[in-house]
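Let's walk through this structure together, one region at a time. Keep the sequence and the 3D view open as you read.

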Amino acid sequence: MSRVVGVYGASGCGRGILPLLRASHGTGETRFLFIDDGCAVDTVNETPVIRWDEFLSRPESDKLVAIAVANSHVRERLANKCSDGGITLTGARAASVVEMDDVAIGEGALLSPFVTLTSNIRIGKCFHANLYSYVEHDCVIGDFVTFAPRVSCNGNVRIEDHAYIGTGAVIRQGTPEKPLVIGKGAVVGMGAVVTKDVPAGTTVVGNPARPLIKG
Ligand code: UDP
């Protein structure tokens, strides 16, 4: 069986993910490519960049795609595109990732070097956990959630779909009776210290984290 693995997105995220896929799939019969609809060059880091329709018409019998785009709404759109095209999503995980007991993680997760997932954790589709982020015990994370580097997510936290957690943010632990909740589509700014629930769609910044006042 011949196999091709496409990394959707040939920008910063994709360039960090392709080496993880190469390491985990081995180089034997598997071909690796970038898929990008807006890239102006033919190769990135010595790897061909092709368009989606070219990918679909590739001759390999087994086609997998890793969606390496930080924007969660784009990620969802591309995941649906893969599903419509009959293409299976693949995840990527660095060899240094630590995963303890009873972790259930949905399809398409990208786990960068030094990510730690401790025990009794549930995570949805297409999670991105960037360098050095951790998820502690009893957390529940929705679909298309993004962690920038070094996010510290302590125990009993619930993070809803499409939330974005910025670099170095720290999320206080909740309790089994009252998890700390970061609502759907919320954004937590870089370095924020989240001590209480963040409502859906709200951007919070600072220590303690408070809603961002635009102006
Ligand atoms: N992209 C794409 N198809 C889409 C949306 C995005 O190929 O429908 C590509 C886009 O051309 C870009 C990459 O995905 O090369 C996203 O890169 P970006 O610089 O936004 O940041 P990153 O997600 O890598 O941090």
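R3 stands opposite D62 in strand β5. Do keep in mind that this is a predicted model.

Leaving out residues up to four places away in sequence, V7 touches G14, I17, L18, L21, F34, I35, A66 and A68. In soluble globular proteins, nonpolar side chains tend to be buried together. Here, the largest nonpolar core holds 59 residues, and V7 is among those with the most contacts inside it, along with Y8, I17, A66, I67, A68 and V188. The element that gives the most to this core is helix α1 (residues 12–25), with 5 residues. Domain 1 (3–92) and domain 2 (94–207) both supply residues to the core, so it lies between them.

Now let's turn to H137, which an unreviewed UniProt entry lists under "active site". You will find H137 in the loop between β14 (134–135) and β15 (140–141). Is H137 buried, exposed or partly exposed? H137 has 17 C-beta neighbours inside 10 Å, so it counts as partly exposed; a buried residue would need 20 or more. Setting aside neighbours within four places in sequence, H137 is in contact with T118, S119, N120 and G155.

Notes:
Residues are numbered from 1 along each chain as its sequence is written. This is a predicted model: local features need pLDDT of at least 70, side-chain atom pairs count only at pLDDT 80 or more; totals for chains, interfaces and linings use all residues. A nonpolar core is a set of buried Ala, Val, Leu, Ile, Met, Phe, Trp, Tyr and Cys residues joined through C-beta atoms within 7 Å. A residue is buried if 20 or more other C-beta atoms lie within 10 Å of its own, exposed if 12 or fewer, and partly exposed in between; C-beta atoms are placed from the backbone. Helices (H or I, at least four residues) and strands (E, at least two) are DSSP runs, numbered from the N terminus. Domain bounds come from an automatic or database domain assignment. Two residues are in contact if their C-beta atoms, placed from the backbone, lie within 7 Å. UniProt positions are given in the numbering used here, feature names are shortened, and annotations may be inferred rather than shown by experiment. Two strands pair if DSSP finds at least two bridges between them.
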